[in-house]
Amino acid sequence: MPTTAKICGLSTPDTLGAAIRGGASHVGFVFFAPSPRNLGFDRAAQLAALVPQNVGKVGVFVDPDDALVEAACAAGRLNALQLHATAPERVAAIRERHGREIWVAVAVRRRADLDTAAGYRGIADRILYDAKTPEGSALPGGMGLRFDWNLLADFRHPLPWALSGGLDAASVGDAIRQTGAPIVDISSGVERTPGDKDAGKIAEFLAAVAAA
Ligand SMILES: O=C(O)c1ccccc1N[C@@H]1O[C@H](COP(=O)(O)O)[C@@H](O)[C@H]1O
């Protein structure tokens with residue numbers, strides 16, 4: 001199966017259009033106030049209306065409460081919820097209540113971090129391996145940090161998965177060849193500055209994924 005791509009942290013019709021035209025399988029909308037990519041509900045609704053049925057709309061959250069998930073699902077017509085820093089019991093409760101596909105972000109710095117993924121068997125649909133951000137960071141992702149992809153070598157994945165963290169057009173081919181990632185996910189690698197997506201970089205990234 002060819003690797004597909006999620007373009008995350010979109011906030012304008014122009015860059016959303018670049019992701020869709022370039023063949024992204026998923027687009028990501030961030031609902032986390034401290035993020036420079038945080039979306040209001042009105043903007044989420046405006047963008048969601050532009051996304052064709054065959055492209056998944058993924059909401060990105062950090063240990064969210066139910067009111068936020070509910071409002072974001074309605075506004076962004078979300079197909080999937082990407083949960084960062086969310087304990088297994090809470091993930092199970094969110095899945096039960098909101099009935100959406102669940103992606104759980106697992107923060108990776110060393111090999112032992114991968115073991116966290118098994119704790120989400122039966123309650124998540126996909127694990128997103130992302131680089132662990134430094135202690136005290138404002139964000140648990142979206143900082144352009146990469147982890148050592150060698151850590152994934154010979155790892156027996158407990159669930160379907162995706163790769164993120166510090167990818168860009170120049171590195172994604174190696175990332176796919178080295179890890180066999182079925183989906184790659186990117187945010188800051190297709191930006192000019194944090195939160196300011198670049199349509200040209202999105203096109204370049206998606207072309208590199210297609211060529212890998
Ligand atoms: O992008 C954000 O602002 C963000 C906020 C809170 C949680 C996750 C966030 N982004 C996710 O981080 C990864 C990797 O991003 P990058 O390519 O290294 O910049 C990606 O999955 C985003 O969905």
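Me: How does helix 1 pass helix 6, in a left-handed or a right-handed crossing?
Reply: Helix 1 passes helix 6 in a right-handed crossing (the near helix is turned clockwise from the far one by less than a right angle). This is a predicted model, in which local features need pLDDT of at least 70, side-chain atom pairs count only at pLDDT 80 or more, and totals for chains, interfaces and linings use all residues. Residues are numbered from 1 along each chain as its sequence is written.

Me: Where are these two helices, and at what angle do their axes cross?
Reply: Helix 1 covers residues 13-21 and helix 6 covers residues 199-211; their axes come within 9 Å and cross at roughly 15° (lines fitted to C-alpha atoms over the stretch in contact, with angles from 0 to 180 degrees between N-to-C directions). Helix 1 and helix 6 are therefore roughly parallel to each other (under 35 degrees).

Me: Which residues of helix 1 and helix 6 meet?
Reply: From helix 1, D14, T15, A18 and A19 meet A199, I202 and A203 of helix 6 (C-beta atoms, placed from the backbone, within 7 Å).

Me: New topic. How many helices and strands does the chain have?
Reply: The chain has six helices and 10 strands (DSSP runs of H or I, at least four residues, and of E, at least two, numbered from the N terminus). Its C-alpha trace spans about 45 × 40 × 35 Å along the principal axes.

Me: What do the strands form?
Reply: Eight strands form a closed barrel in the order 1-2-3-4-5-6-7-8, with parallel pairing (at least two DSSP bridges between two strands). From one strand to the next, the twist averages 25°.

Me: And which residue stands opposite S164?
Reply: That residue is D185 in strand 8. Strand 7 (residues 161-164) pairs with strand 8 (residues 183-186) in the parallel sense over two bridges.

Me: Which strands does helix 3 touch?
Reply: Helix 3 (residues 66-76) packs on the sheet and touches strand 2 (26-30), strand 3 (56-62) and strand 4 (80-84). The direction of helix 3 makes about 155° with that of strand 3.

Me: How do helix 2 and helix 3 cross?
Reply: The axes of helix 2 (residues 41-48) and helix 3 come within 7 Å and cross at roughly 35°. F41, A44, A45 and A48 of helix 2 make the contact with A71, A72, A75 and G76 of helix 3.

Notes: Parallel < 35°, antiparallel > 145°, perpendicular 65-115°, else oblique. Contact = placed C-beta atoms within 7 Å.
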